[in-house]
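Please read them with the structure open beside you.

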Amino acid sequence: MLVAAVALFAAAQAEPLDPDLACIVDRIPAATRAATIAEAMSGTGGRVRDAFRQATDACARDRAWAADYAAAAGRIAMALVLGEEAEAVLRQNEIPPDLIHNWFAAQSADVRRSEPSDEIGTALIEHVQAQGIPLARLQAQGTIIGVMLGALNKIERIGAGLE
């Protein structure tokens with residue numbers, strides 16, 4: 001089930017969220033969701049991680065998940081929310097998230113599952129710029145583009161059993 005949810009997010013399709021992931025995501029308050037980018041960028045644990053941990057634990061109890069499944073679901077749910085929040089920022093700054101989703105989906109499994117690198121980030125920026133987005137705008141939002149790329153990568157890696 002989680003693999004299907006991962007594929008849907010990576011392809012940016014407007015399909016309903018997998019019920020197990022929705023169990024976690026729906027328990028995350030809007031204010032906490034809004035703080036995901038700042039916490040991810042700081043690299044510190046805090047209220048966002050605590051909220052996801054508590055939501056995951058509650059869903060695991062309610063649904064009798066195995067520990068490994070719960071851990072993967074919690075990490076995927078957090079990456080989904082992080083990606084959604086990054087998408088919102090990009091939309092506000094006139095960068096269509098679909099350009100990033102489409103580029104990511106067109107990459108080989110090796111690229112989608114590799115650790116993020118400057119080379120991969122540069123290829124993504126060049127692709128989005130070629131779609132008519134000014135380089136200055138892309139540079140100004142480079143961190144958020146990186147956050148979204150990282151979220152897509154994390155979901156892909158977890159879904160493939162690499163993390």
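1. E94 lies in the loop between helix 6 and helix 7 (97-106), where helices are DSSP runs of H or I with at least four residues, strands are DSSP runs of E with at least two, and both are numbered from the N terminus. With 54% relative accessibility, E94 counts as exposed, on a scale where buried means under 20% relative accessible area, exposed over 50% and partly exposed in between, for a 1.4 Å probe and protein chains only.

2. Before going further, please keep in mind that this is a predicted model, in which local features need pLDDT of at least 70, side-chain atom pairs count only at pLDDT 80 or more, and totals for chains, interfaces and linings use all residues. Residues are numbered from 1 along each chain as its sequence is written, and side-chain values use heavy atoms, with hydrogens and water left out.

3. The protein contains eleven helices and zero strands, and 42% of its 163 residues count as buried. Its accessible surface comes to about 8300 Å², of which carbon and sulfur atoms hold 52%; these areas come from the Shrake-Rupley method with a 1.4 Å probe, and for residues only the protein chains shown count as cover. Among the contacts with a sequence separation of 6 or more, 72% are made by residues 24 or more positions apart, a contact being heavy atoms within 4.5 Å.

4. Helix 6, which E94 follows, has 26 residues and reaches 38 Å from its first C-alpha to its last, close to the 38 Å expected at 1.5 Å a residue; the expected span is 1.5 Å times one less than the number of residues. A64 counts as exposed, at 67% relative accessibility. A67, found in helix 6, is exposed too, with a relative accessible area of 62%, and its C-alpha is 9.4 Å from that of D57, ten residues away in sequence.

5. Which residues have the most contacts inside the largest nonpolar core? They are L21, I24, F52, W65 and A77, in a core of 23 residues; a nonpolar core here is a set of buried Ala, Val, Leu, Ile, Met, Phe, Trp, Tyr and Cys residues joined through side-chain atoms within 4.5 Å. Helix 2 (19-25), helix 5, helix 6 and helix 11 (142-159) each give two or more residues to this core, and helix 6 gives the most, with eight residues. Another core lies apart from it, with 20 residues that include I37, I120, V128 and L152.

6. The structure holds one aromatic pair. The ring centres of W65 and Y69 are 5.4 Å apart and their planes stand at 70°, so the pair is edge-to-face; rings of Phe, Tyr and Trp (its six-membered ring) pair if their centres lie within 6.5 Å, with planes under 30 degrees apart counted as stacked, over 60 as edge-to-face and the rest as tilted. Y69 is partly exposed, with a relative accessible area of 27%.

7. The link is left-handed, with -105° about the S-S bond. The pair joins distant parts of the chain, C23 in helix 2 and C59 in helix 5, 36 residues apart, and both C23 and C59 are buried.

8. L149 lies in helix 11 and is buried, at 10% relative accessibility. Setting aside neighbours within four places in sequence, L149 is in contact with W103, F104, I120, G121 and L124. L149 and L124 are 25 residues apart in sequence, while their C-alpha atoms are 8.8 Å apart in space.

Technical notes: A disulfide is a pair of cysteine sulfur atoms within 2.5 Å.
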